[in-house]
Amino acid sequence: MQILVLGNGSREHALLYSLSKDSQVSGLHVAPGNDGMTAIAQLHPDIDINDGPQVVDLATSLGADLVVIGPEAPLVAGVADALRDAHIPVFGPSAQAAQIEGSKAFAKDVMKAAHVCTAQAESLQPGASTDQVDAVLNDFGPTFVVKDDGLAGGKGVVVTQDRDEARDHAVAVLESGHPVLVESFLDGPEISLFCLVDGDTVVPLLPAQDHKRVGEGDTGPNTGGMGAYAPLPWLPDGAVDQIVDEIVQPVASEMAKRGCPFNGLLYAGLAWGNEGPAVVEFNCRFGDPETQAVLELLDTPLAGVLNSVATGHLADVPPLAWKDGYAVTVVLAAQGYPAGPRKGDPISGAEPGTEDDGVRHAGVARLGDRLVSSGGRVLSVVGVGKDLDEARAKVYRRMEGISLPGGHYRRDIAQKAVEGRIGIAN
């Protein structure tokens with residue numbers, strides 16, 4: 001099976017690594033990819049992955065049996081539709097279905113119709129005045145959640161008790177031409193649940209938890225994610241089934257009912273408070289950095305699973321098999337991330353070919369004979385152990401062997417879970 005993966009981040013590197021272990025896979029390609037992926041895939045760096053015709057031409061020239069779309073932007077742009085129109089199997093939803101992430105207002109409407117628990121919200125359209133922003137903020141607080149109602153790479157959300165910060169973010173988003181969503185704050189620990197979805201068929205993967213804040217102790221601004229772990233030892237038996245039954249299945253069924261069935265990976269970001277699980281957000285693709293941890297524990301060959309979703313046969317897939325133990329992912333970020341990451345710093349200890357050692361590259365490039373940073377989240381490292389303690393020890397030991405001037409990473413990923421300081425309300 002020849003497979004083309006679209007994207008260039010650690011998430012796509014994790015997908016490539018898992019696919020490379022599948023005996024069904026005869027060739028791996030990635031567009032645009034990054035220079036840390038060269039050991040396991042052929043790069044196609046000059047392709048605009050948001051351009052449907054370009055992607056179709058590349059997939060056709062490669063004789064691709066399956067295209068896996070990693071990021072949200074090409075999905076919202078309709079690249080999956082272009083591939084389906086060309087009769088090329090693709091893992092990823094249509095542009096219409098991808099609005100579950102591309103438009104938070106659309107997602108709210110679907111959840112309302114499906115009777116799914118989520119935060120109360122009000123929207124503001126571009127052109128709204130500061131007085132209108134203030135009037136909406138008056139209905140919320142003391143913790144304000146202000147979201148860019150568009151694609152923002154996981155960084156368009158401000159959660160703050162500072163009303164001025166909330167107002168400033170709302171005004172900035174409106175001035176950029178995007179609508180704003182102001183939401184009530186959902187209390188309780190957050191859970192990321194990836195689900196394979198094919199119309200009305202839903203198959204959950206392992207639950208994970210992301211760490212969004214840049215600083216230890218969940219301090220500082222939101223980022224694209226600084227680390228994750230899976231599964232969640234504090235999540236009680238039956239919790240995943242409850243999330244599927246109360247949230248993911250009703251949303252999938254409602255989208256099918258509307259004529260925009262979802263086909264791909266539906267990511268439910270949840271908060272579990274006193275009233276049970278509630279939706280913080282939906283994404284239309286694998287999340288980063290949870291993907292690195294979750295896929296590291298998947299024992300079922302990945303290519304066949306993704307192909308079954310792409311070809312409409314998810315219901316025929318046997319129950320997924322998982323390895324025992326836990327996985328922890330830690331992100332190494334460049335100096336200045338997330339505000340203004342510095343680029344061009346040399347990286348050592350993480351050359352291409354270190355996939356088996358847990359390294360998943362993202363913001364990297366080749367400069368002469370050296371690997372250098374080229375983005376905010378430079379790479380991630382994943383470690384596996386019989387328990388979270390062992391997995392954490394492995395990932396941090398490996399991270400200590402990587403050098404990046406000015407680089408920084410959180411040293412407390414999964415620490416609350418290890419110390420028993422996290423749980424859900426009874």
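The model is predicted, so to speak, with care: local features need pLDDT of at least 70, side-chain atom pairs count only at pLDDT 80 or more, and totals for chains, interfaces and linings use all residues. Residues are numbered from 1 along each chain as its sequence is written, and side-chain values use heavy atoms, with hydrogens and water left out.

## The chain as a whole

The protein chain has 13 helices and 22 strands. Both are DSSP runs numbered from the N terminus, where helices are H or I with at least four residues and strands are E with at least two. The radius of gyration, taken over C-alpha atoms, is 20 Å, close to the 22 Å that the globule rule gives for 426 residues, so the chain is as compact as a globular protein of that length. That rule is 2.2 Å times the number of residues to the power 0.38. Along the principal axes, the C-alpha atoms fill a box of roughly 55 × 50 × 45 Å.

Of the 426 residues, 57% are buried. Here buried means under 20% relative accessible area, exposed over 50%, and partly exposed in between, with a 1.4 Å probe and protein chains only. Contact means heavy atoms within 4.5 Å. Among the contacts with a separation of 6 or more, 69% are between residues 24 or more positions apart.

Four strands form an open sheet in the order β6-β9-β7-β8, with antiparallel pairing. Two strands count as paired if DSSP finds at least two bridges between them. β6 (121-124) and β8 (157-160) stand at the edges, each with a single partner strand, so one side of each is left without a neighbour in the sheet. Neighbouring strands of this sheet are turned by 20 degrees against each other on average, direction ignored.

Strand β7 (residues 144-148) is mostly covered, with 5 of its 5 residues buried. In a regular strand the side chains alternate between the two faces of the sheet. In β7, F144, V146 and D148 point one way, while V145 and K147 point the other way. β7 pairs with β9 (residues 180-183) in the antiparallel sense over 4 bridges, and with β8 in the antiparallel sense over 4 bridges. D148 stands opposite V180 in β9, the bridge partner of V146 in β9 is V182, and F144 has T160 in β8 as its bridge partner.

Helix α8 (residues 163-175) lies across β6, β7, β8 and β9, running at about 15 degrees to β7. Helix α6 lies across β6, β7 and β9, at about 50 degrees to β9.

## Two helix pairs

Axes are lines fitted to C-alpha atoms, for helices over the stretch in contact, and angles run from 0 to 180 degrees between N-to-C directions.

| Helix pair | Axes come within | Crossing angle |
|---|---|---|
| α6 (residues 104-114) and α9 (residues 239-257) | 9 Å | roughly 105 degrees |
| α1 (residues 10-20) and α11 (residues 302-310) | 7 Å | roughly 110 degrees |

The angle makes α6 roughly perpendicular to α9. Angles under 35 degrees count as roughly parallel, over 145 as roughly antiparallel, 65 to 115 as roughly perpendicular and the rest as oblique. F106, V110, M111, A113 and A114 in α6 meet P250, V251, E254 and M255 in α9. The residues of this contact divide into 8 nonpolar, no polar and 1 charged. Nonpolar covers Ala, Val, Leu, Ile, Met, Phe, Trp, Tyr, Cys and Pro; charged covers Asp, Glu, Lys and Arg; the others, Gly among them, are polar.

In the second pair, the angle makes α1 roughly perpendicular to α11. L15, S18 and L19 in α1 meet L302, A303 and L306 in α11, and the residues of this contact divide into 5 nonpolar, 1 polar and no charged. Helix α1 is mostly covered: 10 of its 11 residues are buried, including R11, E12 and H13.

## A three-stranded sheet

Finally, 3 strands form an open antiparallel sheet in the order β18-β21-β20. Its edge strands are β18 (346-347) and β20 (364-367), each pairing on one side only. β20 is joined to β21 (residues 370-373) by 4 bridges, and the two run antiparallel. V364 stands opposite S373 in β21.
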